Amino acid sequence: MPIRPVHALVATDLDGTLLRRDDTVSPRTRAALALAARAGARHLVVTGRPVPGVRGLLAGLGYRGPVVCGQGTQLYDAGTGRLVHAITLDREAADSALGKIEAQVGPVFAAVDQDGVEGRTLIEPGYLMPHPTLPAQRTRHRHELWSAPVVKVLIRHPGLGDDALAEAARTAVGDLASVTLSGPGTVELQPFGVDKGSGLALAADFLGVDAREAIAFGDMPNDLPMFRAAGYGVAMADAHPDLRAAADEVTSSNEADGVAEVLERVFR
């Protein structure tokens, strides 16, 4: 399917999409983003990471625009360092959701991302961080996870695979929370109805453009709502099968500069 030569927004996921395994952006991809900028397109980062997990990274990239963080729960302005918008997950509802999930699949290990630009990631005993480079603080008991407002809860199961855990969690929690699969070992709960699609729409409105003018890049099922909100969706070569099936196009992997490959064609 041919795509138009100009898009107002280039919306990119981070992990598995824009970033290489070592959390860097290749010179080729940096050049392709600059090419898109010269053509008038704005780059918009749309990530599951909370604000504290991206601030240093974006500063190193020289990124100064808005950022959709926390699966759409936060809109952060990297240029001013302020949180433009945030929606938190009711902590009683989150605790209840965990109980319902455990009633269905047995004990899980949980973590939370706190709200705010200085919010912490707290992990209960037994939880293993899927991204060891991201900072986290271990707690002694689950109830400590609810010590401050949170934007999302992360869960892991000692036996179930990611897809099975995500499906069981959706069945168990109903409208207590939205459930997403955002990466290997990363099943998450966030406020019901909030996702990367709603985050993209909010950011587009903040920038004064139409979300349908976005070309979006992703690799996991949590990017599906972003693809639906954008005008064109591009999945990475090693993306989750559900995302590849929904994409308008499949490009090379993040390690092979898949984002750059498409941007060079579109904006040159």
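1. **Cavity lining.** In this predicted model, helix H1 (14–18) and helix H9 (258–267) each give at least two residues to the lining of the largest cavity. Helices (H or I, at least four residues) and strands (E, at least two) are DSSP runs, numbered from the N terminus. The lining residues are Thr17, Leu18, Ser26, Thr29, Asn254, Asp257, Gly258 and Val259. Two are nonpolar, five polar and one charged. Here Ala, Val, Leu, Ile, Met, Phe, Trp, Tyr, Cys and Pro count as nonpolar, Asp, Glu, Lys and Arg as charged, and the others, Gly among them, as polar.

2. **Cavity volume.** The whole structure has one cavity of 30 Å³ or more. The largest cavity holds about 30 Å³. On a 1 Å grid over the protein atoms alone, a cavity is a set of points where a 1.4 Å probe fits but cannot get out; a pocket is an open set with protein on both sides within 12 Å along at least five of seven lines; lining residues have an atom within 4 Å of a point. Points are joined across faces, edges and corners, and a volume is the space filled by probe spheres set on them.

3. **Largest pocket.** About 820 Å³ lies in this pocket. Its lining has 43 residues, and Asp15, Arg49, His131, Ser182 and Thr186 lie nearest the centre. H1 supplies the largest share, three residues. The lining splits into 13 nonpolar, 15 polar and 15 charged residues.

4. **Sheet.** Eight strands form an open sheet with mixed pairing, in the order E5-E4-E3-E2-E1-E12-E13-E14. Strand E5 (82–86) and E14 are the edges, each pairing on one side only. Two strands pair if DSSP finds at least two bridges between them. Strands E2 (residues 42–46) and E3 (residues 66–69) run parallel, joined by two bridges. Val45 has Val67 in E3 as its bridge partner.

5. **Helix on the sheet.** H9 touches E1, strand E12 (214–218), strand E13 (232–235) and E14, and makes about 160° with E12. Axes are lines fitted to C-alpha atoms, for helices over the stretch in contact (heavy atoms within 4.5 Å). Angles run from 0 to 180 degrees between N-to-C directions.

6. **Confidence.** Mean pLDDT (the predictor's confidence in each residue, from 0 to 100) is 93, and 97% of residues reach 70 or more. Over residues 1–5 the pLDDT is below 50, yet this stretch has twelve contacts beyond near neighbours in sequence.

7. **Basis.** Residues are numbered from 1 along each chain as its sequence is written, and side-chain values use heavy atoms, leaving out hydrogens and water. Local features need pLDDT of at least 70, side-chain atom pairs count only at pLDDT 80 or more, and totals for chains, interfaces and linings use all residues.
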